[in-house]
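This report examines a predicted model.

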Amino acid sequence: MHRFPIQLRFGDQDPNGHVNNVAFVQFLEEARVQLGLLPLPEGAGGPGSFRDLTGDRTATYVARQEIEYLAPLLHGKEPLWVDVWVTRIGSSSLSYGFRLADEDRDTVYAHAEAAMVQVEAATGKPMPLTDRQRRVLQEWLGEPVPFRAAATAGKGN
């Protein structure tokens, strides 16, 4: 699991005085981008970053996103912390899990998951992940996102 601070902007607020739900989608994007730019250790895909492994021939599209809002997030000087990890590795797709919380993780504002598809940039057709990409993603693999609905599934709710 990797963790990144996201500085809240005044413009992230809505008329209700809290950070708008739409801003959360941008926070997920920012965390994914930061993860993709992390230097990879030698022998674990490095030197370079995960983005370097994708090359210019590919693009990564968001196929699905799910956000479970758990607490209102108010604008302040302290950054929001986003934990990001891989929850699934497919043939040409992967999913990231997210936890958006304060620095101590005492308050979790949201859990989220995003399914991504790697495509050939010129055609938009799915393109298989390479072995090197899979090795890196395997290192980032973590637990499923602890959505409340998943926790209560099958419990007669």
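Two strands are taken to pair if DSSP finds at least two bridges between them. Strand β2 (residues 58-69) and β5 run antiparallel and are joined by 11 bridges.

**Nonpolar core**

The largest nonpolar core contains 31 residues, of which F27, L80, F98 and L100 touch the most other members. At least two residues each come from β1 (2-6), α1 (21-37), α2 (50-54), β3 (80-89), β4 (93-101), β5 (108-120) and α3 (131-140). The greatest contribution is that of α1, with 6 residues. When neighbours within four places in sequence are set aside, the contacts of L100 include F24, F27 and L28, together with L80, W81 and V82. L100 is also in contact with T107, V108, Y109 and A110.

D83 is found in strand β3. The cut-off for a buried residue is under 20% relative accessible area; D83 has 0% relative accessibility and therefore counts as buried. The side chain of D83 makes a polar contact of 2.7 Å with that of R3 and another of 2.8 Å with that of R99. Leaving out residues up to four places away in sequence, D83 touches M1, H2, R3, G97, F98, R99 and R105.

**Aromatic rings**

| Pair | Centre to centre | Angle between planes | Arrangement |
|---|---|---|---|
| F24 and F27 | 5.7 Å | 50 degrees | tilted |
| F24 and Y69 | 5.0 Å | 75 degrees | edge-to-face |

F24 lies in helix α1 and Y69 in strand β2, so their pair ties together parts that are 45 residues apart in sequence. F24 and F27, by contrast, are 3 residues apart in helix α1 and are therefore separated by about one helical turn. Ring pairs link F24, F27 and Y69 into a cluster. Both F24 and F27 are buried, F24 having 2% relative accessibility, whereas Y69 is partly exposed, with a relative accessible area of 37%.

Note on methods: Residues are numbered from 1 along each chain as its sequence is written. This is a predicted model: local features need pLDDT of at least 70, side-chain atom pairs count only at pLDDT 80 or more; totals for chains, interfaces and linings use all residues. Side-chain values use heavy atoms; hydrogens and water are left out. A nonpolar core is a set of buried Ala, Val, Leu, Ile, Met, Phe, Trp, Tyr and Cys residues joined through side-chain atoms within 4.5 Å. Buried means under 20% relative accessible area, exposed over 50%, partly exposed in between (1.4 Å probe, protein chains only). Helices (H or I, at least four residues) and strands (E, at least two) are DSSP runs, numbered from the N terminus. Contact means heavy atoms within 4.5 Å. A polar contact is a pair of N or O atoms within 3.5 Å; within protein, one must be able to donate a hydrogen and the other to accept it, and residues adjacent in sequence count only if both atoms are side-chain atoms. Rings of Phe, Tyr and Trp (its six-membered ring) pair if their centres lie within 6.5 Å; planes under 30 degrees apart count as stacked, over 60 as edge-to-face and the rest as tilted.
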